[in-house]
Amino acid sequence: MSKKTPLSLSSSGQDSQQLVKGQGFGTAPVFFTAISTILGAVMFLRFGYAVGNVGLLGSIGIIILGHIVTIPTAMAIAEIATNQKVEGGGEYYIVSRSFGLNIGATIGIALYLSQAISVAFYIIAFAQAFQPVLEYLRTLPYVIDNGLLFFVEDRLISLPALLLLILMVSTKGADLGVKALYFVVALLFISLIMFFVGTTNYVYDYNSVGLSDSIANPDSFFKVFAICFPAFTGMTAGVGLSGDLKSPRKSIPLGTLSATFAGMFIYFFIVYKLYVSATPQELHTDQLIMEKIALWGPMILVGLAAATASSALGSILVAPRTLQALANDDAFPSQKMNNWLAKGKGKKAEPFNATLITSAFALIFVIAGDVNAVAEIISMFFMVTYGTICSISFLEHLSGDTSYRPTFRSKWYISLLGALACIFMMFSMNPTYAFISLISMVVLHIVMSQYRKKSTGIVYLFQGAIFQVNRELRVFLQKREDEKTTQWNPAIVCLSQDFFRRQSAFNMLRWLSHRYGFGTYIHYIQGFLSKDTNIIAKETKKDIIQMASKTKSNVYIDTLVSPSLTSSIAQVLQLPGVSGLENNMFLLEFSKNNPENLKGIIDNYPLIKATSFDVCVLATSERNFGFKKSINIWITRHSFQNANLMILLAYVIVGHRDWKDADIKLFAVYADAEIETERVKLIELIKSGRLPISATNVELIAQRGKSMKQIINEKSKSADLTMIGLNDKQVKEEGEAIFKGYDTISDILFVNSHNQKIIE
């Protein structure tokens, strides 16, 4: 057997093309499988209870709420089915080919268990249709005299019925199953006709009885909803026949959607008929109230038997095909198990072995006799499946994948509504079971991932969605660029050749871009762009990303090949920002011990300033930011416009975990005669909020004949980072000298603000 590709679900030992053709069924089996499961046991046995407890309006609300899940799911299935080739496995195939094999197999196993145990659930409900027969048997003298009452119970019907069902499906396969399906669906619709044309002695008074009339002390709305919800889970039953359909792209959308809407409208008419045909108390206490309303009561029992038998038949046709598809994808740890379960019988590759396993599950739960608690958990797994399918449709819309071109299209907001509704209803019905279901899925996924290392479907799906969100945000932000705003966030680009010699500039960038801004680190490679240098640039980028990932930074990393520093700066200045906004700050760096980069910084400083960028120049030292516990900020009247930017940058830095509990202190140096005047001005600026720092953190220093550098060297020798304002005129006149002479202090960040940042 050739190795199976991700796009094939070929059975072991069978030609893959053979399985794709399958039985060649049309749309009718999809519709009848779904509608027979929709119009099932819950409709016959529990809709009367629902109307009795929540009234007509409440019952209609339950139907609408249930279809808020089922209609988006049906539309999502129709959409996905018309985009990709849906082979054997139905819902499992759709999920696994969209979310990847690990998540797909996790949900597929839960889905299979739901389908397999549903067989038992429907068979037990099937036995309810024979209650008159069982009651009669209990009155027979022979049964009473010989102590056989113990044996006259539901299992007397359910076990033989299940064995007969297993025998029929195992020996005749899906072909006979579908033929039988037509027969039981016909009985089902005849019973519904009998119900609708029937009458009772109850006279509904439109004037005295409201639409919400119910019993005294009724059960809560969501309790009733939880009991009735299994009635809505049948609409995807026909999808499980995907591998046996002639044209899944046509039959799945048409059959699933038509069954969903037909079932919904029939439900509306049923609850109305119940409401006007019996009292709330009768509806609440008599689970076979439909029998008393129908024109010929026994036909309701026949319909119940037909509905539950067809639902059981649909489940036992679908569940083994889901299991077979799982095995074809090597979902289980044992390869022998996968091969055995995947093996088909005959030319049509009927899932004989998978049917045996499904039958064993069903027998166990039928013998147990009561699967109500299990059925509620199973409903949770159905909800997980439906929510996942809706999520796939939503993410496909969001991702804008060019290969996603379905011929039938739902709407993204409909799919999102379906996904959110699934989560809401799970926890509304039973929070405990909801947690159990979700935790079970997580554990199963962890186990699955241990022996299935590669599963990237969900990665690509989320990457596409993130790309589209990012694209929309960029366009939105660009349109808002020209609007006046006082809000400022750093969008910093750093250009450096020295990442592999020192990471000071990269660290400064990740601190400044932490939480409040965006940082782009560009490693400059001197040379001309060619095939060789392009390869070097890509390898260098990969190495830097790998090293930077250990710091858990949010910095975007790239490389640039350019013949000179000037040309590289010119290119970087024109790059768009990763944030969607233009970059607003340029960060350069040099080593204080070996300032070989300094001349290039001075020479290109006017070029950077010509583009209205804020400029930061980092002078790195061997102390490498010391203990990261103190930041000193220095301002003078000649560089006052830099004050707010330096303060903002200091606050951003101390917000990073590396600088936790660091102190910020601002020093202002003025001539002796101006000191008191400037003190009053500073206090006023602080009080008005224009200088965002506490007065206790500000120290005014009289110059007293000392140079600025002398004062800074004395006061900031113990600081871990010192910020000094840059003046354009000083840079032009003094050149490199303005950055030198700070030998006794640690790392320095020279800051020049293009314009004074206004703080509000």
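**Entry 1, ground rules.** I am working with a predicted model, in which local features need pLDDT of at least 70 and side-chain atom pairs count only at pLDDT 80 or more, while totals for chains, interfaces and linings use all residues. Residues are numbered from 1 along each chain as its sequence is written, and side-chain values use heavy atoms, with hydrogens and water left out.

**Entry 2, the sheet.** I looked up the strand order first, taking helices (H or I, at least four residues) and strands (E, at least two) as DSSP runs numbered from the N terminus, and counting two strands as paired if DSSP finds at least two bridges between them. Ten strands form an open sheet with mixed pairing, in the order β3-β2-β1-β4-β5-β10-β9-β6-β7-β8. The edges are held by β3 (556–562) and β8 (698–702), each of which has a single partner strand, so one side of each is left without a neighbour in the sheet. On average, neighbouring strands of this sheet are turned by 25° against each other, direction ignored; the axes behind such angles are lines fitted to C-alpha atoms, for helices over the stretch in contact, and the angles run from 0 to 180 degrees between N-to-C directions. As a reminder to myself, strands of a sheet pair through backbone hydrogen bonds, either parallel or antiparallel.

Is β1 buried or exposed? Six of the six residues of β1 are buried, so this strand is largely enclosed by the rest of the structure; buried here means under 20% relative accessible area, exposed over 50%, and partly exposed in between (1.4 Å probe, protein chains only). In a regular strand the side chains alternate between the two faces of the sheet. With strand β2 (residues 518–526), β1 pairs in the parallel sense over six bridges, and Cys 494 has Tyr 521 as its bridge partner in β2. With β4, β1 runs parallel and is joined by three bridges, where Val 493 is partnered by Phe 586. I also noted that β1, α20 and β2 make a right-handed β-α-β unit, right-handed meaning that, with the strands pointing away from the viewer, the path from the first strand over the helix to the second runs clockwise. Further out, seven bridges join β2 to β3, again parallel, and the partner of Tyr 524 in β3 is Leu 560.

Together with helix α24 (residues 643–654), β6 and β7 make a right-handed β-α-β unit. Strand β9 (residues 721–725) runs parallel to β6 and is joined to β6 by four bridges, with Ile 724 as the partner of Trp 634.

Helix α3 (residues 41–81) and helix α9 (residues 221–228) pack at an angle of about 125°, their axes being 9 Å apart. The two are therefore oblique to each other, given that angles under 35 degrees count as roughly parallel, over 145 as roughly antiparallel, 65 to 115 as roughly perpendicular and the rest as oblique. Their crossing is left-handed, which means that the near helix is turned anticlockwise from the far one by less than a right angle.

I counted as a salt bridge a side-chain nitrogen of Lys or Arg within 4 Å of a carboxyl oxygen of Asp or Glu, and the count comes to 13. Asp 498 and Arg 501 form one of them, with the closest N and O atoms 2.4 Å apart; Asp 498 is buried at 3% relative accessibility, whereas Arg 501 is exposed at 53%. Arg 502 and Glu 589 meet in another (2.9 Å, N to O). Arg 502 lies in the loop between β1 (491–496) and α20 (504–512) and Glu 589 in strand β4 (residues 585–591), so the pair ties together parts that are 87 residues apart in sequence. Arg 502 is buried at 18%, and Glu 589 is buried at 5%. Lys 599 and Asp 603 also form a salt bridge (2.9 Å, N to O), and being four residues apart in helix α23 (residues 598–609), they are separated by about one helical turn. Asp 603 counts as partly exposed at 49%. Lastly, salt bridges that share partners join Asp 498, Arg 501, Arg 502, Glu 589 and Glu 596 into one network.
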